[in-house]
Each structure stands twice: as C-alpha cells, then as structure tokens.
Amino acid sequence: MVLPVAPLAVYLFLFLWSAVPFAPAEPVLLAGGAVAGAGGLFLPLAIAATTLGSLASDLAKYALGRSAGTALLGRISRLRTGARAVRWLEARILASGPMVIAPSYFVPCGVVVATILCGALRLRLRAVVLASAVGALIWSTVFLGLGYLGATVTGNPWFGLALAVPAALVIGLLAKRRVTRQCACEPENHEEPCPLAV
C-alpha cells in the first residue's frame, strides 16, 4: 500500500493522537493497524508509537490528578455514573494499587479516572509508570492487531477496518461483562454497585 505521506508522519500521528489525554484513540488504532496490514506501516513500530503516546497521556493525567485531582474528580462525580466509577475504581486502587490501570484501558473512561485517581491519591510514580506501560502495550497491541488482522485476512485496508470495528466492539462488551460479573461475584469487596452494571 502506498501512503500519501511518509510513514514517519503516520507513526508521529499515532504517537500524538494517543498522547492526547481525553481523545478516543481506538478508531485511529484500528485504522493504523489496517494500514499496517496492507503493508503501509511496520506493525511493531506502530505499537511502540501508540504505547509511548498513551504512556505520555497517562502521565499527564497522573500529574493533573496530583495537582487538581480533587476538583477534577468532583466534576466527574457530578454525574451519577461518574460518581460510581470514581468510588468503584478508588476502592480497587486502594486494594490493588496502580496495577488497576492496565485493565482499566478496556473500560470506557476507566483509564482516565484510574490515572487521575492515582495522582490524587499520591501513589508512587514508578508503580504508575509500570502499570500504565503494561496497559498501554496490551491496549495498543490489541487494537492495532485487530486492524492488522482484518486487513491481512481481507487483503484490503478498508474491508479490514470494517471487519476490525465489530471485533473491537465485542472485546469492549466482553470486558464490560467480565467486570460486571466480577462485581456481582464479589460484592463484599466494594460498597457501591459496579459503574458498568447500569
């Protein structure tokens, strides 16, 4: 596949888009994976770019949490589901530490709340970096890999993207279901109902 721009510009775009703290990056990752599957990008470099960008985003949200965590979480908590998400993730962070960040990548708005909470709770930066790096690497690999696989199977980046989007939605629903089931099975571990169970 011939790109209209240099591959380096695409890697840079993947890095920068993943580094924007509150931007939904999954569609961009699926598209990037589809381009890689068509031969336009080298998949490991695309994964590295999005992992580093996402890690930078997490560190920015952690810094926001340290400096203005209470105010930010107060705004999020004004929404009913936001309040439940904050309490639910806070209970898990207090119990498990920052490693909660890794699975929160697959929960809507989970990584935003988790990293801000880690900053507000003044958790150690080293542990947050490790958890964020693990989560970012898994997340980047899954979503870029889906686009890549779709394009490889279909032989066309557009068809590959069309195949990868429903697969990504299924992964999101399975993640939500697993978290909801865990909440139902372990109600003693937290006072509030699972924020995803509504």
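Select helices α3 and α7: their crossing is right-handed (the near helix is turned clockwise from the far one by less than a right angle). Helices here are DSSP runs of H or I with at least four residues, numbered from the N terminus. This is a predicted model, in which local features need pLDDT of at least 70 and side-chain atom pairs count only at pLDDT 80 or more, while totals for chains, interfaces and linings use all residues. Residues are numbered from 1 along each chain as its sequence is written, and side-chain values use heavy atoms, without hydrogens and water.

Helix α3 covers residues 43–77 and helix α7 residues 125–154; they pack at about 140°, with axes 8 Å apart. The axes are lines fitted to C-alpha atoms over the stretch in contact, and angles run from 0 to 180 degrees between N-to-C directions.

Next, display the contact (heavy atoms within 4.5 Å). On α3 it includes Leu43, Ile47, Asp58 and Tyr62, and on α7 Leu125, Val129, Trp139 and Tyr148 are among the residues involved.

Now select Tyr105 and Trp139, which form a tilted aromatic pair, 5.4 Å centre to centre with 40° between the planes. Rings of Phe, Tyr and Trp (its six-membered ring) pair if their centres lie within 6.5 Å; planes under 30 degrees apart count as stacked, over 60 as edge-to-face and the rest as tilted. Tyr105 lies in the loop between α5 (101–104) and α6 (110–120) and Trp139 in helix α7, so the pair ties together parts 34 residues apart in sequence. Both Tyr105 and Trp139 are buried (under 20% relative accessible area, 1.4 Å probe, protein chains only).

Key
Helices (H or I, at least four residues) and strands (E, at least two) are DSSP runs, numbered from the N terminus. Buried means under 20% relative accessible area, exposed over 50%, partly exposed in between (1.4 Å probe, protein chains only).
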